[in-house]
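Biologist: I have a structure open on my screen and would like to learn how to read it. Could we go through a few features together?

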Amino acid sequence: MESDNQQLVLQFGSATIAYSLRYSDRRTLGIAVTPEMAVIVTAPRGAAMDKIEEKLRKRAPWILQQQRFFLGFHPRTAPKQFVSGESHLYLGRQLRLQVTEGKRNTVEYAGGHLQVTCKSKSKAAQLVQDWYRLRAKLKFAEIAEPWIQRFAAYGVAPTGLYLQNMPLRWGSCTPKGKIILNPELIKAPKPCIEYVIVHELCHLVHHDHTAAFVALQTREMPDWEKWKTKLERMLA
């Protein structure tokens with residue numbers, strides 16, 4: 001016999017895993033991901049919450065992988081065509097794309113426009129994506145530096161700042177102290193980027209999402225929940 005579901009959330013890196021928890025007469029804890037990407041956890045009666053969360057964290061990479069698999073079968077936002085008049089985000093601002101053919105391949109940002117000049121318009125998509133990645137590399141380092149200096153007070157510092165495309169995560173922190181950021185973040189407002197950076201810097205102090213971790217994150221960035229929500233709504 002199973003008890004009523006509880007709707008809970010587990011934070012794993014910068015990914016948020018919402019799940020339904022139910023208790024039953026089974027002896028072991030079970031985790032399932034439905035085609036709708038819902039996560040269902042069935043635990044033995046009397047199972048301690050910290051043990052349940054410990055098992056979830058261990059299985060989090062698998063959960064995210066399953067959600068990514070099922071996501072491939074869901075309707076997606078129409079992909080960008082990279083044609084003149086199209087709107088693209090940069091640091092939370094809407095930019096109007098202008099694509100023209102010319103002798104050089106260039107991307108220029110000015111006056112609310114992203115001006116792409118290319119030898120063939122078929123190259124526009126790659127040029128814009130390369131521009132985004134370059135801007136991410138420069139801006140992320142610039143935004144992160146004051147926070148890195150601030151966290152030096154806790155006796156920690158990242159061993160490096162890296163870019164990596166991640167379908168379901170905005171950032172991560174490796175056991176060796178590398179902070180990895182999703183280049184898609186460059187489309188979000190600066191405070192959203194700061195939230196992800198602060199989150200990962202907190203992991204240099206507290207590896208798991210304990211009460212101490214949340215307390216540190218809140219102390220350093222009191223309005224982090226506001227920017228986390230805005231990020232998820234803008235780029236989800």
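Modeller: Gladly! Keep in mind that this is a predicted model.

Biologist: Let me begin with a pair of strands. In which sense do strand β7 and strand β8 pair?

Modeller: Two strands count as paired if there are at least two bridges between them. Here, β7 (residues 106–110) and β8 (residues 113–118) are joined by 5 bridges in the antiparallel sense. To see one of those contacts, find Y109, whose bridge partner in β8 is L114.

Biologist: What do β7 and β8 form, and how many residues lie between them?

Modeller: They form a hairpin, with 2 residues between the strands. Look at G111 in the turn: its phi is positive, about 60°.

Biologist: Now the open sheet of 4 strands. What is its strand order?

Modeller: Reading across the sheet gives β1-β2-β4-β3, and the pairing is mixed. β1 (6–12) and β3 (30–33) each have a single partner strand, so one side of each has no neighbour in the sheet. On average, neighbouring strands are turned by 30° against each other, ignoring direction. For a parallel pair, look at β2 (residues 15–24) and β4 (residues 39–44), which share 6 bridges; R22 stands opposite T42 in β4.

Biologist: Which residues lie nearest the centre of the second largest pocket?

Modeller: Those are F12, R169, C173, H203 and H207, out of 13 lining residues. Both β10 (171–173) and α3 (190–205) give two or more residues to that lining. By class, the lining has 3 nonpolar, 6 polar and 4 charged residues, and the pocket holds about 370 Å³ of space.

Technical notes: Residues are numbered from 1 along each chain as its sequence is written. This is a predicted model: local features need pLDDT of at least 70, side-chain atom pairs count only at pLDDT 80 or more; totals for chains, interfaces and linings use all residues. Side-chain values use heavy atoms; hydrogens and water are left out. Axes are lines fitted to C-alpha atoms, for helices over the stretch in contact, and angles run from 0 to 180 degrees between N-to-C directions. On a 1 Å grid over the protein atoms alone, a cavity is a set of points where a 1.4 Å probe fits but cannot get out, and a pocket is an open set with protein on both sides within 12 Å along at least five of seven lines; lining residues have an atom within 4 Å of a point. Grid points are joined across faces, edges and corners, and a volume is the space filled by probe spheres set on the points. Ala, Val, Leu, Ile, Met, Phe, Trp, Tyr, Cys and Pro count as nonpolar, Asp, Glu, Lys and Arg as charged, and the others, Gly among them, as polar.
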